[in-house]
Amino acid sequence: MNMTRREALIAFAAGGSATLIASPGIALAADRADGLQFAPGKHALVPLPFEPKALNGLSDKLIISHHENNYGAAVKNLNRVEEELARVTKETPGFVVFGLKERELTYTNSVILHELYFGNLGGDGKAVGTIQKALSDAFGGFGRWEEIFRAVGMSLGGGSGWTMLDFNFHAGDLRTYWSGNHTQALSFGEPLLVMDMYEHAYQMDYGAGTAKYVDAFFVNIQWDSVNQRYERALKAWEAIRG
Ligand SMILES: [Fe+2]
């Protein structure tokens, strides 16, 4: 995708990268055939991009429940919040608007991150392509990057949140970030690899066994998707730099 500097800045401003830039496994509002990309309350579930039974160490029961109940609730709630926001007037109390806008951000990020999460599962866990070399170069070895990513994930064990490998468009490099909830993600980056650390992502299979879940996550990473995201981020980075 060729992108002008202006288009890139618009696309990545205010943390909107994942909603506007095509990403494996993610719904793109701009791609909607029905032309309803800006209509409130029209978000639909993106199907799982893999056969749930095909994952290794993450049960189909867990994955289907996660997709339908947790991701599904985020989509449904985002639609409801957008419908409520469409009814806001100058008479609406500020605390109501404040609450709705907070929920809009929470559910929007939950939808995006879940789509990225499912979009980077379904693989064989073997890192490939440009991203594999870039991580090796940036961290002094691919194993060292993996050690850090796992440690960040484990730091969220027993709680909730997300662990993300991100392309940081401020620094122009690869960083691993922590997000304690849906609204603490990097504002000017593209998530490349997303690991859901909410207990609903593993409790059904492993109870409080966070380490076993992290192991299973790595076994199932779809590195082709991560690589595609990274190569697209590099193109955007070139456009942003002008
Ligand atoms: Fe989740």
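# Exercises on a predicted protein model

At 58% relative accessibility, Ala54 counts as exposed. The model to which this residue belongs is predicted. The exercises below begin with this residue.

**Exercise 1.** Determine where Ala54 is placed and how its C-alpha atom stands to that of Asn220.

*Solution.* 
Step 1. Ala54 is found in the loop between α2 (17–20) and α3.
Step 2. Exposed means over 50% relative accessible area. The value for Ala54 is 58%, so the residue counts as exposed.
Step 3. Along the chain, Ala54 and Asn220 are 166 residues apart, and their C-alpha atoms are separated by 9.4 Å.

**Exercise 2.** Decide whether Asn220 is buried or exposed, and state which residues are in contact with Asn220.

*Solution.* 
Step 1. Asn220 has its place in the loop between α8 and α9.
Step 2. Buried means under 20% relative accessible area. Asn220 has 2% relative accessibility and therefore counts as buried.
Step 3. Neighbours within four places in sequence are left aside. Asn220 is then in contact with Leu55, Asn56, Leu58, Asn120, Leu121, Gly122, Gly123 and Gly125.

**Exercise 3.** Classify Ser65 and Ala211 by relative accessibility.

*Solution.* 
Step 1. Ser65 belongs to helix α3. Its relative accessibility is 17%, so Ser65 counts as buried.
Step 2. When residues up to four places away in sequence are not counted, Ser65 touches Asn70 and Met204.
Step 3. Ala211 belongs to helix α8 (residues 210–219). Its relative accessible area is 40%, and Ala211 is therefore partly exposed.
Step 4. Ala211 is 58 residues from Gly153 in sequence, and the two are 8.9 Å apart in space, C-alpha to C-alpha.

**Exercise 4.** Describe how helices α3 and α4 cross and which classes of residue make up their contact.

*Solution.* 
Step 1. Two packed helices are described by the angle between their axes and the distance between the axes.
Step 2. The axes of α3 (residues 60–85) and α4 (residues 94–119) come within 9 Å and cross at roughly 145°. The crossing is left-handed.
Step 3. On the side of α3, the residues that meet α4 include Ile63, His66, Asn70, Tyr71, Leu78 and Leu85. On the side of α4, those that meet α3 include Leu100, Arg103, Tyr107, Val111, Tyr117 and Phe118.
Step 4. By class, this contact of α3 with α4 has 12 nonpolar, seven polar and five charged residues.

**Exercise 5.** State how many aromatic pairs the structure holds, and explain why the pair of Phe142 and Trp223 is edge-to-face.

*Solution.* 
Step 1. The structure holds 17 aromatic pairs.
Step 2. In Phe142 and Trp223, the ring centres are 5.6 Å apart and the planes stand at 65°; the pair is therefore edge-to-face. The cut-off for this class is over 60 degrees.
Step 3. Phe142 lies in helix α6 (residues 142–154) and Trp223 in helix α9 (residues 223–241), so the pair ties together parts that are 81 residues apart in sequence.
Step 4. Phe142 and Trp223 are both buried.
Step 5. Both residues also belong to one aromatic cluster, whose members include Tyr71, Tyr117, Phe118, Phe142, Trp162 and Trp223.

**Exercise 6.** Identify the buried residues of helix α5 and what covers them.

*Solution.* 
Step 1. In α5 (residues 129–139), the residues Ile131, Ala134, Leu135, Ser136 and Phe139 are buried.
Step 2. Their cover includes α6, β1 (162–168), β2 (173–179), β3 (189–196) and α9.
Step 3. Gly140 follows α5 and has a positive phi, near 75°.

**Exercise 7.** Summarise the protein chain as a whole: its helices and strands, its buried share and its surface.

*Solution.* 
Step 1. The chain has nine helices and three strands, in the order α-α-α-α-α-α-β-β-β-α-α-α along the sequence.
Step 2. Of the 242 residues, 44% are buried.
Step 3. The accessible surface comes to about 11,700 Å², and 54% of this belongs to carbon and sulfur atoms.
Step 4. Among contacts between residues at least 6 apart in sequence, 69% join residues at least 24 apart.

Notes:
Residues numbered from 1 in each chain as written. Predicted model: local features only at pLDDT ≥ 70, side-chain atom pairs only at ≥ 80, totals over all residues. Heavy atoms only, no water. Axes fitted to C-alpha atoms, helices over the stretch in contact; angles between N-to-C directions. Helix = DSSP H or I, 4+ residues; strand = E, 2+ residues; numbered from the N terminus. Left-handed = near helix turned anticlockwise from the far one by under 90°. Contact = heavy atoms within 4.5 Å. Nonpolar A, V, L, I, M, F, W, Y, C, P; charged D, E, K, R; others polar. Buried < 20%, exposed > 50% of the residue type's maximum accessible area, 1.4 Å probe, protein only. Areas by Shrake-Rupley, 256 points an atom, 1.4 Å probe, with all protein chains shown as cover. Phe/Tyr/Trp six-rings, centres within 6.5 Å; stacked < 30°, edge-to-face > 60°.
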